Amino acid sequence: MEPASGSPYWSCLSAARGLKGRLSRDAMLAAVYARSIQLRETVKSMLIRSVISGALAGLVSIAAASAQDTRNLLESKESLYNNIYVYEQAPYRSMTFGHNRRIYTESVYNTRDELDLPVDYTRFMTASVMYAKDVRSILEIGFGGGRTAWYLHRFLPKVQVTSVELDPTVLELAKKYFGIKEEPNFHVVNRDGRLYVQESKERYDIILIDAYRGPFVPFHLLTKEFYQLIKDHLAEGGVVAQNVEPSTMLFDAAVKTIHSVFPQVDFYEAGGNIVMVAYPGDERKPEDLAAIAQERDNEFGFRYKLADMLAQRKRVDIDNGQVIDAKAKVLTDDFAPVEALKSIERHNRKLP
Amino acid sequence: MSEPVSRAGLLAIYICSFLVGCVLMGFEMLGSRYLNPYFGSGIGAWASLISTVLCALAIGYFAGSAIVDRQPTTRTIGTMILIAAAYMALVPATADTVMADILDTIGDGPSATLMAATALLLVPLTLLGTFSPIAVSLLTRSAGEAGRVAGLVYGVSTIGNVVGTLVTTFALIPTIGSRAITYYFAVILAGCAAILFIPFGKKTS
């Protein structure tokens, strides 16, 4: 199922994944903005910032860059929001975003096996299926190469899967290189994720949030108001799964924020990233989850067994300050210093 | 040439020029925080913000030059700044309603984003834009020094722009909320207006 871990592709993927974070569109835009409107004072700050961080990034990423040279560049495109590179090293294709001379892998597609999910955390996003009371509709925010959504669509053909992607060029490339096509019950919408939810009248059984790009996070997709909006669009017994990169203080703030809206948060450690599964109400008992996992594994024949994922489930006392920094603040539309938090390395506090 | 200003008056105008420059760009950066939750953080939001700010400045410069022909006093610019301060003080409490209304009625296309940026920025920044031309006129004693004075005023105000951008983005947004920053800006502007209302006597020299 997985490529041998010694293969060059795998090691380069791992290297890329190590660097993987998420990039706010603001920062990307800043670069575009800087290029086009150099007369403006604003630009000076942006330039200084990108020169400094660019220099630092350059030092760090030499090794990664040389590894990437073995990949075959299929297409690169500058979109409104990202610099997108699609690489191929058979049988894998990867969609990556360039930022500050680093390459951030956003999605990996196995051209010989469309149901393969080579990136660990994308598998764990599907763990949400065992939490939902019913599975009739799924909303994903952040389509990228569309692997998670496509996997769920193929195993759950009767379920309405809708995925929202901000960047039209990402959608175009996903359709061109990642085997994505419109099918009954599978819809991709080109829209800002928060706007889409705000205007949607529907409720969903599962909402997957994976909308971040490169090293940063667009703040409006990480605030209490945003999660409240998400909660208002959950069907009864609905659940949210969110991918978070845990190496900086932004993780602590994200956990506190999601916890401020959803009383229950389960954690899944997934190859450097962490998938949080959040839901309202009481904590789900492991034996109940195991029963549903078993039942749905049998019913839908998932390749990545829900039961196996359940074994990785972790609970954390979010408020005792031992794992999640007691000083971490809930992010709001008013106060969300995501870039600043992202720059603070997290102390090495592991999930138990 | 306009009514001459004392030495203290000159200093006050340069200080206000700097502070107004700070608030002007600081408020543009803040504008993104008000807009993003409703209109996304895409390049469209930035284009709307930047074009609105430049529009406001253009209108402000024209209005300022018209005022120079009529009543260029420190009180005039003080009044402009005070109205801008009052407008900014209203923004935190009303912005969410206005943004949500625009989103509900027009949607989120370029026209909606532009309208949101306009509602947020146009009035206060136009008023602040009148500052520089009037300041140049007040500081200029002879036609020969007009160029030198204009250079100084724009230099000082542009340094203010740089400081406002950097401090707002890297110091204020990460430590206090956007609404609080907006109130501080209103207070700073009110302070500038107060300084400009001090009757600076006729120049003695």
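Q: Which strand of chain A pairs with β9, and in which sense, parallel or antiparallel?
A: Strand β9 (residues 234–244) of chain A pairs with β11 (residues 273–279) of chain A. The sense is antiparallel, over five bridges. This is a predicted model.

Q: What stands opposite A:Gln242?
A: A:Met276, in β11(A).

Q: And what sheet do β9 and β11 belong to?
A: An open one, with eight strands and mixed pairing. The order is β7-β6-β5-β8-β9-β11-β10-β12 in chain A.

Q: Which strands stand at the edges?
A: β7 and β12 (314–315) of chain A. Each has a single partner strand, so one side of each is left without a neighbour in the sheet.

Q: Staying in chain A, where is the peptide bond at A:Pro91, and is it cis or trans?
A: The bond joins A:Ala90 and A:Pro91, and it is cis, with omega about 0°. A:Pro91 lies in the loop between β2 (83–89) and β3 (92–99) of chain A. Most peptide bonds are trans.

Q: What about phi of A:Asn185, positive or negative?
A: Positive, near 70°, in a residue other than glycine. Most residues other than glycine have a negative phi.

Q: Where does A:Asn185 lie?
A: In the loop between α6 (168–177) and β7 (186–190) of chain A.

Q: Why does A:Asn185 count as partly exposed?
A: Because A:Asn185 has 14 C-beta neighbours inside 10 Å, and a residue is partly exposed if that count falls between the exposed limit of 12 or fewer and the buried limit of 20 or more.

Q: Switching to chain B. How many helices and strands?
A: Seven helices and zero strands. Along the sequence, the pattern is α-α-α-α-α-α-α.

Q: How does the radius of gyration of chain B sit against the globule rule?
A: The radius is 18 Å, close to the 17 Å that the rule gives for 205 residues, so chain B is as compact as a globular protein of that length. The C-alpha trace spans about 60 × 30 × 25 Å along its principal axes.

Q: How much of chain B is buried?
A: 51% of its 205 residues.

Q: What about α5 of chain B, how many of its residues are buried?
A: Nine of nine, in residues 131–139. Among them are B:Phe131, B:Ile134, B:Val136 and B:Leu138.

Q: What covers the buried residues of α5(B)?
A: The cover includes α1 (7–39), α2 (43–70), α3 (74–106), α4 (110–129) and α6 (146–175) of chain B.

Q: And what share of the chain B contacts with a separation of 6 or more comes from residues 24 or more positions apart?
A: 87%.

How values were computed: Residues numbered from 1 in each chain as written. Chains lettered and ligands numbered in written order. Predicted model: local features only at pLDDT ≥ 70, side-chain atom pairs only at ≥ 80, totals over all residues. Helix = DSSP H or I, 4+ residues; strand = E, 2+ residues; numbered from the N terminus. Rg over C-alpha atoms; globule rule 2.2 N^0.38 Å. Contact = placed C-beta atoms within 7 Å. Pairing = 2+ DSSP bridges.
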